[in-house]
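Please keep the viewer open and check each point as you read.

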Amino acid sequence: MDEIFELLKPPKIYEEGSSEYWTNPLLMERILNGHLNENIPGGSKSNSFMEDSISFITNIVPKTKYPEVIDLGCGPGLYCQKLARIGYKVTGIDISSNSIRYAKGVANNENLSINYRVQNILDLKETNKYDIALLIYHIYGSFSPNNRKRLVHNVYKSLKKGGIFIIDVASEVSLQDYNEKKTWDFVHTNEALPKESQLSLRQDVIYPDNVLLKQTNILIKNQFPMTFNIWEQYFKKDCLIKEFSQVGFEIKGIYSDVCGKQYNKGNEEIAIVLEKV
Ligand SMILES: C[S@@+](CC[C@H](N)C(=O)[O-])C[C@H]1O[C@@H](n2cnc3c(N)ncnc32)[C@H](O)[C@@H]1O
């Protein structure tokens, strides 16, 4: 019993859980479905949003001038496929081997030449290689400030001079009316076991400086509990800009989403287009 209370103590900010959400074998099919099914939020946005986003991207960074793109955290490759179909030279990296396996299957079926690899984007090592880097659907805000610094440095190095980095984050607006909550439910992570023996204890905790923890503890009979800590930074525009200009990026444009919607400070997202000068 004490262990359950211990599990539910809010951790130190940015502390990792005992399990990694994106790579856990019990969750990988559910995560893939989250990308492919528009009705499940969190994995990828709707196809029509992505189409609008591709129009925006191809407009500001046409393939004639910016042929080589890397999609960081590409998931099952939905953006990669769309870009490869219209002639960009595409690399997609993701930490989830299941998503990359799926992405490679689609590329094979369609005869698309996309360079996919399973890799932590924090470990990106290439230099002066890409014309465009994409980091789409709030991935940036899931990292601690130190890891964000490391990521921005690595992306900067990986781009050619004049290369463009396009990124979106959640804005502080979307946290303003957010209520902390604690809920429990039976879940079906391991299909071999009855649902009633798999319990999820979920809590959302707001930390200072617009950081939210979405924590899920999964308790399965006779197994060690698994704790997934998902951290989300909600950004103020000026703080976001500072994180990129410190590294040397120049701001080319600020929008309300990666479809190029006009920036408005009341919007729930911020998208930013940066240039390596
Ligand atoms: C919200 S999804 C977005 C997927 C894709 N960008 C899209 O918009 O369809 C986040 C993706 O980032 C990947 N991811 C999370 N942390 C990562 C890391 N450290 N390195 C590589 N990929 C990561 C996850 O596996 C997941 O596919």
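The numbered points below go from the overall fold to single residues.

1. **Ground rules.** The model is predicted: local features need pLDDT of at least 70, side-chain atom pairs count only at pLDDT 80 or more, and totals for chains, interfaces and linings use all residues. Numbering starts from 1 along each chain as its sequence is written.

2. **Overall fold.** The protein has 8 helices and 11 strands. Helices (H or I, at least four residues) and strands (E, at least two) are DSSP runs, numbered from the N terminus. The radius of gyration is 19 Å, close to the 19 Å that the globule rule gives for 277 residues, so the protein is as compact as a globular protein of that length. That radius is taken over C-alpha atoms, and the rule is 2.2 Å times the number of residues to the power 0.38. The C-alpha trace spans about 60 × 45 × 35 Å along its principal axes.

3. **Burial and contacts.** Of the 277 residues, 32% count as buried. Buried means that 20 or more other C-beta atoms lie within 10 Å of the residue's own; exposed means 12 or fewer, and partly exposed is in between, with C-beta atoms placed from the backbone. Among contacts between residues at least 6 apart in sequence, 64% join residues at least 24 apart. A contact needs C-beta atoms, placed from the backbone, within 7 Å.

4. **The core.** The largest nonpolar core has 52 residues. Such a core is a set of buried Ala, Val, Leu, Ile, Met, Phe, Trp, Tyr and Cys residues joined through C-beta atoms within 7 Å. Ala133, Leu134, Phe165 and Ile166 have the most contacts inside the core. Strand S5 (residues 159-170) gives the largest share of this core, 7 residues. Which residues does Phe165 contact, leaving aside its neighbours within four places in sequence? They are Ala133, Val155, Leu159, Phe249 and Leu274. In soluble globular proteins, nonpolar side chains tend to be buried together.

5. **The ligand shell.** There are 18 residues around the ligand, and Ser44, Gly73, Gly75, Ile95 and Tyr137 come nearest. A residue is near if its C-beta atom, placed from the backbone, lies within 6 Å of the molecule. The shell divides into 9 nonpolar, 8 polar and 1 charged. Here Ala, Val, Leu, Ile, Met, Phe, Trp, Tyr, Cys and Pro count as nonpolar, Asp, Glu, Lys and Arg as charged, and the others, Gly among them, as polar.

6. **Tyr137.** Look at this one closely. Tyr137 sits in the loop between S4 and helix H6 (145-158). Tyr137 is buried, with 23 other C-beta atoms within 10 Å. Phi of Tyr137 is positive, about 80°, although the residue is not a glycine.

7. **Strand pairs.** Is strand S6 (residues 181-186) largely in the open or buried? The number of its 6 residues that are buried is 0, so S6 lies largely in the open. S6 pairs with strand S7 (residues 198-207), antiparallel, over 6 bridges. Pairing requires that DSSP finds at least two bridges between the strands. Trp184 stands opposite Leu201 in S7. Strands S8 (residues 211-220) and S9 (residues 226-233) also run antiparallel, joined by 8 bridges. Leu213 has Trp231 in S9 as its bridge partner.

8. **Other positive phi values.** Asp209, in the loop between S7 and S8, has phi near 60°. With 11 C-beta neighbours inside 10 Å, Asp209 counts as exposed. In the hairpin of S8 and S9, with 5 residues between the strands, Asn222 has a positive phi near 65°. Within helix H4 (residues 78-85), Leu78, Tyr79, Cys80, Leu83 and Ala84 are buried.

9. **Tyr14.** Tyr14 lies in the loop between helix H1 (2-7) and helix H2 (28-36). With 16 C-beta neighbours inside 10 Å, Tyr14 counts as partly exposed. Leaving aside neighbours within four places in sequence, Tyr14 contacts Ser144 and Trp231. The C-alpha atoms of Tyr14 and Leu212 are separated by 9.7 Å, although the residues are 198 apart along the chain.

10. **Lys125.** Lys125 is in the loop between strand S3 (114-118) and strand S4 (130-135). With 8 C-beta neighbours inside 10 Å, Lys125 counts as exposed.

Key:
Two residues are in contact if their C-beta atoms, placed from the backbone, lie within 7 Å.
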